[in-house]
Amino acid sequence: MTAAPLTRDQVESVVSSAVRAQPVVDMHTHLYAPVFGSPVPTSAGKADRGGFLLWGLDELLTYHYLVAEVYRVVPATVLPYERFWKMTKAEQADHIWKHLFVERSPISEACRGVLTALRKLGLDVSDRSLAPARKWFAQQDPSRYVDRVMELANVESITMTNPVFDDAERERWLKGVKPDPRFEAVLRIDPLLRDWPAAAKKMHAWGYAVGTEVDDATVEEARRFLRDWIDRQKAIYLALSLPPDWRYPADADTSSGGTGGGGISAGGPADLLARAGQSILERVVLPVCAERGLPFAMMIGSRLRVNPDLRDAGDMVGKADVASVTSLARAFPQNKFFVTMLSRENQHELAVAARKFGNLMVFGCWWFVNNPSLIDEITRMRVELLGTSFIPQHSDARVLDQLVYKWDHSRGLIASVLADKYRDAVDAGWPLTTADVERDVRLYLKDNFRDFLKR
Ligand code: FIX
Ligand code: ZN
């Protein structure tokens, strides 16, 4: 017997409960399983020794989003970058807390996120002091803390980002590492397309007979390199980010409004780099992804290190070319593409592109569009254009505790959009049930991702 259809007034609470109750599979983060190790705080005056799994108050406060924001308040002419980077994490955190939380109201999304995380962890900062919170974090046991955060955030699986061209990452895998099954690996390969000559040099040193020239021998060896690392990491997809001026094909003429291509000086070094990247994409990355049935994730629109002194905080957004995405999806129908774009201006065109290609899965409100006003706008537009066939969000968390706030904030926004859309369906006479809502929410927060991996 089918359950009684929901009334218009029942929709909001049913949707909100379903969204809160549905465990999330977080398809893109920079988090690591505890087995990779965590940074070891060092004494004052020295920066912390690097580590993989970042967690706790000082990491929350020194998130690169907040570093960028504090440098708007205390400029480099007052606090030279080098001096900031020489501080310990605790000293950096104190500096950010003072200037962005105490001396000004913490109302940016990144500031608000810290407050949400602390509140939901049961910490009280009403006295505006960090001391009690610091004491509490110092008492947490990292391995049990992962369980607590995943439970609080209602996240059942964390997808890592594993950049094979990063020496520390590569060494860690070569030593042998078996992540906890709740953490899944993604083979991140940005230099392959962003800087093939540099990538080729590293790969050659690692024993793969590749050359700068992308000839048949290099193609075979580069494919072997990817297969080796997919197997070593048990990677569930391959990923990279691309600059706003990435084009596919690299040399298509766009002066006549042609589809895709162009945007990079013809014949210059940039053009050669673009052509090498295109060969690697067409002859190495996509064939290996297709043979292994793995999606290829493209995160498009990040212009890296426009202010190098800010390090990870120094990256910028740029409007990219959606026609290049459609050219690629059309040229490689046997491949599966996850795509997210960084510029607000690209979102509508990308959603329409996804209507044209079933092998294109749009995901997330990435980085500079991961803010309430834009999550609402983008999710509303995507539901109107794509229905239930997209992945509304990923956290991009770099610090474990961020899962608590990123998913709390996003669940609220996604629920609000869905409630409006379900009310419209009820108003149009559709006999919507709670089971329908729960099924759709599971698609949005888990099954669209899992099913696309298996497709
Ligand atoms: O390329 C990426 O995976 C980006 O998400 C990161 O590079 C970026 O720093 C980030 O963490 C944004 O949220
Ligand atoms: Zn990321």
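The following questions and answers concern a predicted model.

Reader: Which residues coordinate the zinc ion (ligand 2)?

Author: In sequence, the donor residues of the zinc ion (ligand 2) follow the spacing H-x1-H-x365-D. The distances to the ion run from 2.0 to 2.1 Å, and the donor atoms are NE2 of two histidines and OD of an aspartate. The coordinating residues are His28, His30 and Asp396.

Reader: Are His28 and His30 buried or exposed?

Author: Both residues donate an NE2 atom to the zinc ion (ligand 2). A residue counts as buried under 20% relative accessible area and as exposed over 50%. By that rule, His28 and His30 are buried.

Reader: Which residues lie closest to the centre of the largest pocket?

Author: The largest pocket holds about 1,500 Å³ of space, and 48 residues line this pocket. One of the residues closest to its centre, His30, is also a donor to the zinc ion (ligand 2). The closest to the centre are His30, His64, Arg305, Asp312 and Arg398.

Reader: How many residues of each class are in the lining of the largest pocket?

Author: Several helices contribute to this lining: helix 3 (64-73), helix 5 (89-102), helix 9 (167-174) and helix 10 (190-194) each supply at least two residues. Sorted by class, the lining of the largest pocket has 22 nonpolar, 11 polar and 15 charged residues.

Reader: What is the volume of the largest cavity?

Author: A cavity is a space where a probe fits but cannot get out, whereas a pocket is open. The count of cavities of 30 Å³ or more comes to 1. The volume of the largest cavity is about 100 Å³.

Reader: Which helix gives the largest share of the lining of the largest cavity?

Author: The lining includes Tyr63, Glu109, Trp367, Tyr405 and His409. The elements that give two or more residues to this lining are helix 6 (109-120) and helix 17 (402-427). By class, the lining residues are 6 nonpolar, 4 polar and 2 charged. The largest share, 4 residues, comes from helix 17.

Reader: Where is Trp367 found, and what is its relative accessible area?

Author: Trp367 is among the residues that line the largest cavity, and its place is the loop between strand 11 and helix 16. Its phi is near 60 degrees, a positive value in a residue other than glycine. Trp367 is buried because its relative accessible area, which must be under 20% for that class, is 11%.

Reader: Why do the buried residues of helix 15 line one face of the helix?

Author: In helix 15 (residues 347-356), the buried residues are Gln347, Leu350, Ala351, Ala353 and Ala354. They line one face because, seen down the helix axis, they fall within an arc of 155 degrees.

Reader: What covers the buried residues of helix 15?

Author: Among the buried residues of helix 15 are Leu350 and Ala354. Their cover includes both helices and strands, namely helix 14 (322-331), strand 10 (337-341), strand 11 (360-362) and helix 16 (372-386).

Reader: Which residues are in contact with Ile391, leaving aside its neighbours within four places in sequence?

Author: Ile391 lies in the loop between helix 16 and helix 17. At 4% relative accessibility, Ile391 is buried. The C-alpha atoms of Ile391 and Leu443 are separated by 8.1 Å, although the two residues are 52 residues apart along the chain. With those neighbours left aside, the contacts of Ile391 are Met27, Phe338, Met361, Val362, Phe363, Gly364, Arg382, Tyr444, Asn448 and Phe449.

Reader: Which residues does Val426 touch, not counting residues up to four places away in sequence?

Author: Val426 lies in helix 17 and is buried, with a relative accessible area of 15%. Its C-alpha atom is 51 Å from that of Asp94, a residue 332 residues apart from Val426 along the chain. With residues up to four places away not counted, Val426 touches Leu6, Thr7, Arg8, Val11 and Leu432.

Reader: What is the relative accessible area of Asp127?

Author: Asp127 has its place in the loop between helix 6 and helix 7 (131-138). From C-alpha to C-alpha, Asp127 and Glu349 are 47 Å apart in space. Asp127 counts as partly exposed, with a relative accessible area of 48%.

Methods
Residues numbered from 1 in each chain as written. Chains lettered and ligands numbered in written order. Predicted model: local features only at pLDDT ≥ 70, side-chain atom pairs only at ≥ 80, totals over all residues. Heavy atoms only, no water. Donors = N, O, S within 2.8 Å, 3.2 Å for Na, K, Ca; no water. Buried < 20%, exposed > 50% of the residue type's maximum accessible area, 1.4 Å probe, protein only. 1 Å grid on protein atoms, 1.4 Å probe; cavity = no way out; pocket = protein on both sides within 12 Å on 5 of 7 lines; lining within 4 Å. Points joined across faces, edges and corners; volume = space filled by probe spheres on them. Nonpolar A, V, L, I, M, F, W, Y, C, P; charged D, E, K, R; others polar. Arc of directions from axis to C-beta. Contact = heavy atoms within 4.5 Å.
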